[in-house]
Every structure is written in C-alpha cells, then in structure tokens.
Amino acid sequence: RDERDVEIGGTFDGTFDGRSIKVLKGGSVSGELGADVIEIHGVVSGKIRGTIIHVKRTGRVEGEMQYETLSVDPGATINARCIPS
C-alpha cells in the first residue's frame, strides 16, 4: 500500500492502493482502487474500496464500490454494486 496522496488526471489501467486518491475531471481509471479517501470527478470502471468515497457531480462509476461512508453529489452517475462495510 502506497502512503501517498495521488491525483489521476489521465488514463490509468491497473490496481492502485494509496492513502487518498482523487480522480480528476477528465481522468479515467479502469481497474481497482483502494484508499482511505477516494474522490471521483472523472470516470472509474472496476472495483473501488474506500473508507470514504465521494462521487462528485462530474463523476461516473461503473462496477463495484465497497465503503464505510458514501456521498454522491447531484448529477453524478452510478452504475455500480454498492457494498457498505
């Protein structure tokens, strides 16, 4: 597990575990993300594991989200299996 705070602005394929991950507007992730805090402004396809997940207005999620706290802003698109832990 990486202890950095990471921002993803481009295209990322694969798995990343960090302390906090922000997927920027225009950013795209295909794979798996795990972190204490995950903030999504872009597109994520795959599996997300976070203590706190924020899906912002421009965010789009497809796949699966595992979380303790989930917040979804109006306008966000969620097509995912949501699993509270």
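**Figure 1. Surroundings of Val-44.** Leaving aside residues up to four places away in sequence, Val-44 touches Val-23, Val-29, Leu-33, Arg-60, Val-61 and Glu-62, where contact means heavy atoms within 4.5 Å. The model shown here is predicted, so local features need pLDDT of at least 70 and side-chain atom pairs count only at pLDDT 80 or more, while totals for chains, interfaces and linings use all residues. Residues are numbered from 1 along each chain as its sequence is written, and side-chain values use heavy atoms, with hydrogens and water left out. Val-44 has its place in strand β5; helices (H or I, at least four residues) and strands (E, at least two) are DSSP runs, numbered from the N terminus. With a relative accessible area of 1%, Val-44 is buried, a term that means under 20% relative accessible area, whereas exposed means over 50% and partly exposed lies in between (1.4 Å probe, protein chains only). One of the residues touched by Val-44 is Leu-33, which is 11 residues away in sequence and 8.9 Å away in space, C-alpha to C-alpha.

**Figure 2. The salt bridge between Asp-17 and Arg-49.** Side chains of opposite charge can pair when their charged atoms come close. A salt bridge is here a side-chain nitrogen of Lys or Arg within 4 Å of a carboxyl oxygen of Asp or Glu, and the structure holds seven of them. In the pair of Asp-17 and Arg-49, the closest N and O atoms are 3.1 Å apart. Because Asp-17 lies in strand β2 (residues 11-17) and Arg-49 in strand β5 (residues 43-55), the pair ties together parts that are 32 residues apart in sequence. Asp-17 is partly exposed, at a relative accessible area of 28%, and Arg-49 also counts as partly exposed, at 27%.

**Figure 3. The salt bridge between Lys-22 and Glu-39.** The closest N and O atoms of Lys-22 and Glu-39 are 3.7 Å apart. Lys-22 belongs to strand β3 (residues 20-23) and Glu-39 to strand β4 (residues 28-40), so this pair ties together parts that are 17 residues apart in sequence. Lys-22 is partly exposed, with a relative accessible area of 29%.

Figure 4. Since Glu-64 lies in strand β6 (residues 60-72) and Arg-81 in strand β7 (residues 77-84), the pair ties together parts 17 residues apart in sequence. Glu-64 is buried, at 17% relative accessible area, whereas Arg-81 counts as exposed, at 55%.
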